[in-house]
Amino acid sequence: MKTDKKYWYIARAHHVTAELCTMLDRMPFDYFAPMSERSIVVKGREMKRSVPLALNYVFFHTDDFMELRTIVRDIPRVSMLYHQPARDAKTDSHDSQYRPMIASDREMEMFIKAASFYSQGAPLAVPDRKLMMKGDKVRIIDGPFKGVEGVLISQQGKDGGKVVVSIGDLVSVSTLDISPENIQVIQFAHGNKHIYKKLDSFKLRIDRALQKLAEGQSLSDDERQHITNFIRRFSTVRTDTINTEARLAMYVLKGYYALHMPGEVAANYKRLRDEILPRVKSNKVKDDIQQCLKLVRS
């Protein structure tokens, strides 16, 4: 039975081989079961061998799960994955339906892009959820992994490092080290308060920069670069409260104003005035917004 939309269904193979992939190529579905070449030594001779890149998972893209299930049943040592039936705590009963495991298009887009970068084997593993919860959700905005979204694990430089891309709790792939300037924060980790440190630090810098401009001085290259990096990294962050959203929006607007970017100033001015200000309840924050708007109007 076909559905109105194609989904990525997940299967587990006892062992993904080049021969299995040849068999899968004959199926009437798109699939993703990346293989990579790995050097091994056999009887003193170095040889290349194809090895599975995704821990023996195979992802099928189709709008007909019943046909997929029927075909997969005839493939030795390959089986579809299902969620366990849900339990009703009130009645202590179980749902009799086994729902197939599905990965979203967005998850697969990011996963394929990250995994396909590797030709000699990618660092794939079962995700450590406790570790990943410590990181921010980020987007890579330049370089070979441009467009990939995942969870940042800060291991290199200040706020740089590896980005982990996962398919639920099944499998994850980490990128190479990403330079801090190529990472844009989408959302800070739950319970992570360092956004306030970032805002406090930038407030000092942007206020000094605006004071210099008011005194007729020019900004140094380092000052301009710091403002640019802040906007690039944090301007699209999803925040937990309207007050934090307003504060961030004010600093971004001031940043564009300091950089003399009238188009961006106009767009962010309108957003702050028409979209954010009406939702703010705090009188102090409202006053801060009005002062910010007055500043960039002058």
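User: Which residues of H7 meet H8?
Analyst: This is a predicted model, to start with. On the H7 side you have Ile-242, Glu-245, Ala-246, Ala-249, Met-250, Val-252, Leu-253, Tyr-256 and Tyr-257. They meet Glu-264, Val-265, Asn-268, Tyr-269, Arg-271, Leu-272 and Ile-276 of H8.

User: And by class, what does that contact have?
Analyst: The H7 contact with H8 has 12 nonpolar residues, three charged and one polar.

User: OK, geometry. At what angle do H7 and H8 cross?
Analyst: Roughly 160 degrees, with the axes coming within 9 Å. H7 covers residues 242-258 and H8 covers residues 262-276. Angles over 145 degrees count as roughly antiparallel, so H7 is roughly antiparallel to H8.

User: Is that crossing left-handed or right-handed?
Analyst: H7 and H8 cross in a left-handed way.

User: Switching over to H9. How does H7 pack against H9, parallel or antiparallel?
Analyst: The angle between H7 and H9 (residues 283-297) is about 15 degrees, and their axes are 10 Å apart. That makes the pair roughly parallel. H7 passes H9 in a left-handed crossing.

User: Which residues make the contact there?
Analyst: H7 brings Asn-243, Ala-246, Met-250, Leu-253, Lys-254 and Tyr-257. From H9 come Val-285, Asp-288, Ile-289, Cys-292, Leu-293, Leu-295 and Val-296.

User: What's the class breakdown for H7 with H9?
Analyst: That contact has 10 nonpolar residues, two charged and one polar.

Note on methods. Residues numbered from 1 in each chain as written. Predicted model: local features only at pLDDT ≥ 70, side-chain atom pairs only at ≥ 80, totals over all residues. Heavy atoms only, no water. Axes fitted to C-alpha atoms, helices over the stretch in contact; angles between N-to-C directions. Helix = DSSP H or I, 4+ residues; strand = E, 2+ residues; numbered from the N terminus. Parallel < 35°, antiparallel > 145°, perpendicular 65-115°, else oblique. Left-handed = near helix turned anticlockwise from the far one by under 90°. Contact = heavy atoms within 4.5 Å. Nonpolar A, V, L, I, M, F, W, Y, C, P; charged D, E, K, R; others polar.
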